[in-house]
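I opened a notebook for this structure and wrote down each thing as I looked it up. The entries follow in the order in which I made them.

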Amino acid sequence: MKDDEKFMAEALAEAQKGLSEGEVPIGAVAVRDNLIVARGHNMRNAWSDITAHAEMVCLSDLSSRNFDFQLSDIIIYSTLEPCAMCLGAMIHYKIGRIVFGEYDLIAGACGSKYDFHKIAGINVIGGIYRERCRKILLDYFKSQLGHESIRWNDIELPAK
């Protein structure tokens, strides 16, 4: 869908912000009625908080805007497949749809490692702008490790 690409580009812009701040470049945006209502990127280093994933930061931003906890009309766009923690939060918020870019073999909870989204009945689509989402991560891994890799701490990408 054209809208999915448009909003994934915004999530990628968030990932780029995180990269410029020295974070693993993962970004997320929340969309309601075709408008971005919240944003987030990884803040794990800045906040010294291992739970400060892009999606969690985005959900916190959403909460700060006085939305209720029944958000079935919200779509979360994330550059990386959400982990179980992030998906769990989205389940509690009753998020209606999740769109992600790259798959995560270690912690992906939307089909790569776990299928928790199916149990919760959340509509999920993966692979939107996958190459762009993958590239920013691979470039980061290479800069941090000094060599090419598809794995960084708790993220492992498919071999393509």
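Does Arg32 count as buried or exposed? I found that Arg32 counts as buried, because its relative accessibility is 17%, where buried means under 20% relative accessible area, exposed over 50%, and partly exposed in between (1.4 Å probe, protein chains only).

Before going on, I noted that this is a predicted model, in which local features need pLDDT of at least 70 and side-chain atom pairs count only at pLDDT 80 or more, while totals for chains, interfaces and linings use all residues. I also noted that residues are numbered from 1 along each chain as its sequence is written, and that side-chain values use heavy atoms, with hydrogens and water left out.

**Salt bridges**

I searched the whole structure for salt bridges and found 12, a salt bridge being a side-chain nitrogen of Lys or Arg within 4 Å of a carboxyl oxygen of Asp or Glu. One of them joins Asp73 to Arg32, with the closest N and O atoms 2.8 Å apart. This pair links distant parts of the chain, 41 residues apart, since Asp73 lies in the loop between helix 3 (54–64) and strand 3 (75–80) and Arg32 in strand 1 (residues 27–32). Helices (H or I, at least four residues) and strands (E, at least two) are DSSP runs, numbered from the N terminus. Asp73 itself is partly exposed, at a relative accessible area of 38%.

I then looked up Glu102, which forms a salt bridge with Arg130, the closest N and O atoms being 2.8 Å apart. Here too the pair links distant parts of the chain, with Glu102 in strand 4 (residues 97–102) and Arg130 in helix 6 (residues 130–145), 28 residues apart. Glu102 counts as buried because its relative accessibility is 0%, whereas Arg130, at 23%, counts as partly exposed.

A further salt bridge joins Glu156 to Arg151, where the closest N and O atoms are 3.3 Å apart. Salt bridges that share partners also join Glu10, Glu14, Lys17 and Arg39 into one network.

**The largest pocket**

I recorded a volume of about 150 Å³ for the largest pocket, a volume being the space filled by probe spheres set on grid points that are joined across faces, edges and corners. Of the 15 residues that line this pocket, the closest to its centre are Ile26, His53, Leu80, Asp104 and Ile155. A pocket is an open set of points on a 1 Å grid over the protein atoms alone, where a 1.4 Å probe fits, with protein on both sides within 12 Å along at least five of seven lines, and lining residues have an atom within 4 Å of a point.

**Two positive phi values**

I noted that most residues other than glycine have a negative phi. Phi of Asp33 is near 50 degrees, a positive value, and Asp33 sits in the loop between strand 1 and strand 2 (35–41). Asp33 is exposed, with a relative accessible area of 64%. Phi of Asn153 is also positive, near 45 degrees, and I found Asn153 in the loop between strand 6 (151–152) and strand 7 (155–156). Asn153 is exposed as well, with a relative accessible area of 59%.

**Ala109**

My last entry places Ala109 in the loop between strand 4 and helix 5. Ala109 is buried, with a relative accessible area of 0%, and its C-alpha atom is separated by 8.7 Å from that of Met85, 24 residues apart along the chain.
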